[in-house]
Amino acid sequence: TVKEYREAPSLRRIAYRLYRNPLVMFGLGPLYVFLIKQRFPRASSRPRARRGVHLTNLALVVMFGTLFATIGVVPTLLVQLPIIAIGGAAGIWLFYVQHQFEGVYWARHEEWDRIRSALEGSSFYKLPKVLQWFTGSIGYPPVHHVRPRIPNYNLQRAHDEVAVFQAVKPVTIRTSLKSLRMNLWDEAQQKLVSFRSLRARPQSVA
């Protein structure tokens with residue numbers, strides 16, 4: 001929040017600004033998440049989840065070991081690293097814009113409402129039909145959050161047939177770019193604001 005950011009030590013504010021920088025979040029971020037972070041199970045992970053991580057790592061070792069031995073290390077990396085970077089950046093962007101957009105609803109635990117969070121706290125990302133197909137209708141999180149068991153191929157049908165979903169204002173690719181400047185939650189105004197907007201505001205404003 002704005003208040004938490006202003007009260008944080010200088011190093012933490014700098015770290016947060018770096019983390020929110022688009023080049024870090026969508027450039028270095030995907031490589032870190034998929035190549036490093038997800039290769040280690042969390043300390044709180046259950047045995048089944050731990051086994052899943054270890055088996056995935058084993059499969060990756062076998063797959064890349066085979067590619068390195070047959071095609072070569074450099075040719076394999078020249079193909080695979082751009083795929084991971086571009087695909088990872090696209091995936092992180094899709095989840096990012098689902099919950100950080102103009103008019104979004106955020107609330108603390110004691111005030112949080114599940115239905116309102118589903119309808120107002122996640123965006124209806126209206127993508128072109130081709131991108132909608134390639135992303136498995138990922139642009140319909142309000143429907144998914146209200147009824148998680150609806151399969152992705154029925155999300156648009158549910159959206160089109162239920163009036164409450166049609167009332168959700170769509171976010172387009174062009175309007176979603178504004179979310180890059182939405183860095184902090186202003187609890188007083190109940191909206192996301194940019195780092196730049198804080199310069200013109202007194203420190204006493206939370």
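Biologist: Where is the place of Arg181?

Modeller: Arg181 sits in the loop between α11 (173-176) and β3 (184-186). This is a predicted model.

Biologist: What makes Arg181 count as exposed?

Modeller: Its relative accessibility is 54%. Exposed means over 50%. Therefore Arg181 counts as exposed.

Biologist: How do you know how confident the predictor is about the protein chain?

Modeller: The chain averages a pLDDT of 92. Of its residues, 97% score at least 70. The scale runs from 0 to 100.

Biologist: Which helix has the lowest mean pLDDT, and which the highest?

Modeller: Among the elements of the chain, helix α10 (residues 163-166) has the lowest mean, at 91. Helix α4 (residues 47-70) has the highest, at 96.

Biologist: What does the secondary structure of the protein chain come to?

Modeller: It comes to 11 helices and four strands. The C-alpha trace spans about 60 × 50 × 35 Å along its principal axes. Of the 206 residues, 30% count as buried.

Biologist: Why is the contact of Glu7 and Lys3 called a salt bridge?

Modeller: The N to O distance between their side chains is 2.8 Å. The cut-off is within 4 Å, so the pair qualifies. Side chains of opposite charge can pair when their charged atoms come close.

Biologist: Where do Glu7 and Lys3 lie?

Modeller: Both are in helix α1 (residues 2-7). They are four residues apart, about one turn of the helix.

Biologist: What makes Glu7 exposed and Lys3 partly exposed?

Modeller: Glu7 has a relative accessible area of 55%, over the 50% mark, so Glu7 is exposed. Lys3 has 41%. That value falls between 20% and 50%, so Lys3 is partly exposed.

Biologist: How do you know that Lys178 and Glu102 meet in a salt bridge?

Modeller: Their N to O distance is 3.8 Å. That is within 4 Å, so the pair counts. Lys178 lies in the loop between α11 and β3, and Glu102 in the loop between α5 (73-99) and α6 (114-120), so the pair ties together parts that are 76 residues apart in sequence. Glu102, at 59%, counts as exposed. Lys178, at 37%, is partly exposed.

Biologist: What is the distance between the closest N and O atoms of Arg108 and Glu187?

Modeller: They are 2.8 Å apart. The limit is within 4 Å, so this is a salt bridge too. Arg108 lies in the loop between α5 and α6 and Glu187 in the loop between β3 and β4 (191-193), so they tie together parts that are 79 residues apart in sequence. Both are partly exposed: Arg108 at 37% and Glu187 at 33%. Glu4, Arg108 and Glu187 are linked in a network of salt bridges. The total count is six salt bridges.

Biologist: What makes Ser137 stand out in phi?

Modeller: Ser137 has a positive phi of about 55° although it is not a glycine. Most residues other than glycine have a negative phi. Ser137 lies in the loop between α7 (129-134) and α8 (141-146). At 11% relative accessibility, under the 20% cut-off, it counts as buried.

Biologist: What is the phi of Gln190?

Modeller: Gln190 has a positive phi of about 55° and is not a glycine either. Its loop is the one between β3 and β4. Gln190 is partly exposed, at 45%.

Biologist: Which residues make the nonpolar surface patch?

Modeller: Tyr32, Phe34, Leu35, Ile36, Phe40, Phe68, Val73, Val74, Leu77, Leu78 and Leu81 make a patch of about 1,000 Å². Helices α3 (22-35) and α5 each supply at least two of its residues. α5 gives the most, with five.

Biologist: What makes Phe68 partly exposed?

Modeller: Phe68 has 31% relative accessibility, between 20% and 50%, so it counts as partly exposed. Phe68 has its place in helix α4.

Key. Residues are numbered from 1 along each chain as its sequence is written. This is a predicted model: local features need pLDDT of at least 70, side-chain atom pairs count only at pLDDT 80 or more; totals for chains, interfaces and linings use all residues. Side-chain values use heavy atoms; hydrogens and water are left out. Buried means under 20% relative accessible area, exposed over 50%, partly exposed in between (1.4 Å probe, protein chains only). Patches are made of residues with over 30% relative accessible area and no salt bridge: like charges are joined within 9 Å, nonpolar side chains (Val, Leu, Ile, Met, Phe, Trp, Tyr) within 5 Å. Accessible areas come from the Shrake-Rupley method with a 1.4 Å probe; for residues, only the protein chains shown count as cover.
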